[in-house]
Amino acid sequence: MFIEFGVPDTADGRWEAICLHTALVVERLRRAGPAGTALADTLYQVMFRDIDANLRELGVGDLAVPKRVRRMARAFNGRLAAYAGALERGNAAALGAVLDRNLLRDAAVGPATLAAVAGYVVAQRRALSAQPDQGLLNGEVAFAPDGATGSAEAAA
C-alpha cells in the first residue's frame, strides 16, 4: 500500500491505512446482523484501547491521552461514515475524494494511482463481502491478495 499506491509511510499514513482496513471490516461486520454489530463494537473498543496503550508507551502524558484518543475516535468515525457512504452509493468519484483526502493526504498521486487505490478498496470490500457471516463472527477475516483490484464503479 505504501509503495504501490504512494500512501505516506509515516505515523499518519499508517494510521490512515489502519482506519481504512478497520472501517472495511467494521462495515462488513455490521451487515452480519446483531452478532456482527456487537463484534464490530468490540473491535472498535479493542482498537482504541490499543491506541491508548500505544500512546502511553510512546510517552504521551496521562492527561493528554484521553483527549487524543477521543480526537482519533472522532476521526475514525468520520472516515468510517465517508468510506461506507461512498461504497454503498457505488460512487467512484466520492470514494476517490475520500481516499485522496484521508489515505493519500500530502501524497502527490495522479488520477491513475487514485483509481488504482479505489479499485483496491473495492476489491477488499468484495473479498470481505464474499466471506460467510459465521466465519467473520469466528474472527476469520481475509483480505484480497496483494495486487487485487476491482473497478471503483462496482463499489456496491
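**View A. Aspartate 62 and arginine 56 in the predicted model.** At 56% relative accessibility, aspartate 62 counts as exposed, and in this predicted model its side chain forms a salt bridge with arginine 56, with the closest N and O atoms 2.8 Å apart. Arginine 56 is partly exposed, its relative accessible area being 35%.

**View B. Aspartate 52 and arginine 56 within helix H3.** A salt bridge also links aspartate 52 to arginine 56, and here the closest N and O atoms are 2.6 Å apart. Both residues belong to helix H3, where a spacing of 4 residues separates them by about one helical turn.

**View C. The salt bridge between aspartate 12 and arginine 105.** The side chains of aspartate 12 and arginine 105 meet in a salt bridge with an N to O distance of 3.9 Å. Because aspartate 12 lies in helix H2 and arginine 105 in the loop between H5 and H6, the pair ties together parts that are 93 residues apart in sequence. Aspartate 12 counts as partly exposed at 45% relative accessibility, and arginine 105 likewise counts as partly exposed, at 28%. Under the criterion that a side-chain nitrogen of Lys or Arg lies within 4 Å of a carboxyl oxygen of Asp or Glu, the model has 10 salt bridges.

**View D. The network of Asp12, Glu16, Arg79 and Arg105.** At 56% relative accessibility, aspartate 62 of the opening view is exposed; in the present view, salt bridges that share partners join Asp12, Glu16, Arg79 and Arg105 into one network.

**View E. A patch of positive charge on the surface.** Lys67, Arg68, Arg70, Arg71 and Arg74 gather on the surface in a patch of positive charge. One of these residues, arginine 70, is found in helix H4, which spans residues 65-89, and is partly exposed with a relative accessible area of 46%.

**View F. The largest nonpolar core.** This core holds 40 residues, of which Phe48, Phe76, Tyr83, Leu95, Leu99, Leu103 and Val121 touch the most other members. At least two core residues are supplied by each of helix H2 (11-30), helix H3 (33-57), H4, helix H5 (92-101) and helix H6 (111-130), and the largest share, 9 residues, comes from H2. In soluble globular proteins, nonpolar side chains tend to be buried together.

Notes: Residues are numbered from 1 along each chain as its sequence is written. This is a predicted model: local features need pLDDT of at least 70, side-chain atom pairs count only at pLDDT 80 or more; totals for chains, interfaces and linings use all residues. Side-chain values use heavy atoms; hydrogens and water are left out. Patches are made of residues with over 30% relative accessible area and no salt bridge: like charges are joined within 9 Å, nonpolar side chains (Val, Leu, Ile, Met, Phe, Trp, Tyr) within 5 Å. Accessible areas come from the Shrake-Rupley method with a 1.4 Å probe; for residues, only the protein chains shown count as cover. Lys and Arg count as positive and Asp and Glu as negative; His and the chain ends are not counted. The place of a charge is taken as NZ of Lys, CZ of Arg, CG of Asp or CD of Glu. Buried means under 20% relative accessible area, exposed over 50%, partly exposed in between (1.4 Å probe, protein chains only). A nonpolar core is a set of buried Ala, Val, Leu, Ile, Met, Phe, Trp, Tyr and Cys residues joined through side-chain atoms within 4.5 Å.
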